[in-house]
Amino acid sequence: MTDAGSSFCPECGDPVDSAGGDGATRREQSLCDSCYFAAFDLVDAPDTIEVMVCARCGAVHRGNRWVDIGADDYVDVAVAETTEALGVHLEAEDVDWEVRPEKLDDNTVRMHATFTGVVRDTHRTEQVAVTVKVSRQTCQRCGRIAGESYASTVQVRAVGRDPTSEETDRAAELAHRIVADMEATGDREAFVTEIGDAESGTDIKLSTTKIGLKLARKLVEEFGGDFEDHETLITEDDDGNEVYRVTYAVRLPEFVPGDVVDIAADDGGPVLVQSNHGNLKGVRVTTGEPYEASFEDGDSPDARKLGAVTDATEATVVTVEDDAAIQILDPDTYEAQTVARPDYVDPDASTVPALKSRAGLHVLPDA
Ligand SMILES: [Zn+2]
Ligand SMILES: [Zn+2]
């Protein structure tokens, strides 16, 4: 033969003029189409797959661990496990498959799958049937949740008051978010065991101490205040290691932004609280000057709450007397009253937000 481009099939000796694709072995590549397809399997699938599924959360057991696959029912599980177990020939292109699940009984699904693909420019179709046997179990995590297992408790409290529903709702939301973020990375040890009302706040029980610490830090970062942790020895595990539970006692600050407070040992006038991170900061409602608790006062100085911006009502401005005084109508009695004029008051305003408290009438900044 003088044609350098032709060769012969090693199986039958016929001349071959087209070579197979990249996925084939060298011997496969050199076979003629008819010998090649005689031994060809588009799909390699087991006859039977046995799978353990958590009856509570739908996780499946693969290898030696539980994996969340987001399955809604056993047919979903069967599809996922069949997909996992299938091998499609490397040389096949444009592979597609359709599956018709047939429920044989509560624990057995027979998957009738039809595969199509293109091999050596030839359209191929192949049918396989895989029987998936499901056994219902309880995964480790669901077992722990059912047993109300927890390793940490975050106690959400506030100084001198009950936490607001905004604060406790946010604490619950953060707990679920931290857990969801950890779950998203494949962490199956993260869960919220219980969120319960306590006498003056909320207790959040969590599966690990790490989540408790994260939640306590996040709450303080968002709302101010601080936290302490206490360890309690609860038991020894099978290996004799001591097992501790940690309580994170979060104490949210007494005053929150929007509160108007009267600071003891200070005659500079009430302060509208604007921040409670670190130390208390705000603005004097008499002058508009900034206020910041000094180091000697500690993070939060001794103070009494007079009201909050949400308690303010719009009062009519009668006249701006001078830089320091403004005359407004008392929102309750409609009598004209001269009160301190903070520098944030717009001299052209016809009404201003005013707070009436036991400390008198004060003009607040516009919301
Ligand atoms: Zn051949
Ligand atoms: Zn489970």
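**Figure 1. Threonine 209 sits in helix H6 of a predicted model.** Helices (H or I, at least four residues) and strands (E, at least two) are DSSP runs, numbered from the N terminus. Threonine 209 is partly exposed, with a relative accessible area of 31%. Buried means under 20% relative accessible area, exposed over 50%, and partly exposed in between (1.4 Å probe, protein chains only). Threonine 209 and tyrosine 244 stand 35 residues apart in sequence; their C-alpha atoms are 9.1 Å apart in space.

The model is predicted: local features need pLDDT of at least 70, side-chain atom pairs count only at pLDDT 80 or more, and totals for chains, interfaces and linings use all residues. Residues are numbered from 1 along each chain as its sequence is written, chains are lettered from A and ligands numbered from 1 in the order in which they are written, and side-chain values use heavy atoms, with hydrogens and water left out.

**Figure 2. Four cysteines hold the zinc ion (ligand 1).** The protein donors are the SG atoms of Cys9, Cys12, Cys32 and Cys35. They lie 2.2 to 2.3 Å from the zinc ion (ligand 1). Donors are N, O and S atoms within 2.8 Å of the metal (3.2 Å for Na, K and Ca); water is not among the atoms, so sites may look incomplete. Angles among the four donor atoms run from 103 to 115 degrees, and the site is tetrahedral. Four donors count as tetrahedral if all angles lie between 85 and 135 degrees. Along the chain, the donors follow the spacing C-x2-C-x19-C-x2-C. Cysteine 32 is buried, at 9% relative accessible area. Cysteine 35 also counts as buried, at 17%.

Figure 3. Cysteine 57 lies in the loop between strand S4 (48-54) and strand S5 (60-62), and cysteine 142 in helix H4 (residues 140-146), so the pair ties together parts that are 85 residues apart in sequence. Cysteine 57 is partly exposed, with a relative accessible area of 29%. Cysteine 142 is buried, at 6%.

**Figure 4. Helix H3 (residues 74-85) has 12 residues.** Its first and last C-alpha atoms are 16 Å apart, close to the 16 Å expected at 1.5 Å a residue. The expected span is 1.5 Å times one less than the number of residues. Tyr74, Val77, Ala78, Glu81 and Thr82 are buried in H3. Seen down the axis, these buried residues fall within an arc of 125 degrees, so they line one face of the helix. The arc is that of the directions from the helix axis to the C-beta atoms. Their cover includes S4, S5, strand S9 (108-119) and strand S10 (122-137). At the start of H3, a side-chain oxygen of aspartate 73 comes to within 3.1 Å of the backbone nitrogen of valine 75.

**Figure 5. Helix H5 (residues 165-184) has 20 residues.** Its end C-alpha atoms are 28 Å apart, which agrees with the 28 Å it should span at 1.5 Å a residue. Its buried residues include Arg170, Leu174, Ile178 and Met182. Among the elements covering the buried residues of H5 are S11, strand S12 (192-198), strand S13 (201-206), helix H6 (209-223) and strand S15 (242-252). Just after H5, glycine 186 takes a positive phi of about 95 degrees.

**Figure 6. Arginine 157 is found in strand S11.** Its side chain reaches the backbone oxygen of threonine 202 at 3.3 Å. Leaving aside neighbours within four places in sequence, arginine 157 has contacts that include Pro163, Asp203, Val250 and Leu252.

**Figure 7. Aspartate 121 has a positive phi without being a glycine.** The phi value is about 60 degrees. Aspartate 121 lies in the loop between S9 and S10. It is exposed, with a relative accessible area of 79%.

**Figure 8. Glutamate 148, not a glycine, has a positive phi of about 55 degrees.** Glutamate 148 lies in the loop between H4 and strand S11 (152-158). It counts as exposed, at 57% relative accessibility.

How values were computed: Contact = heavy atoms within 4.5 Å. Polar contact = N/O pair within 3.5 Å; in protein donor to acceptor, adjacent residues only side chain to side chain. Tetrahedral: all angles 85-135°; square planar, octahedral: opposite > 155°, others 65-115°.
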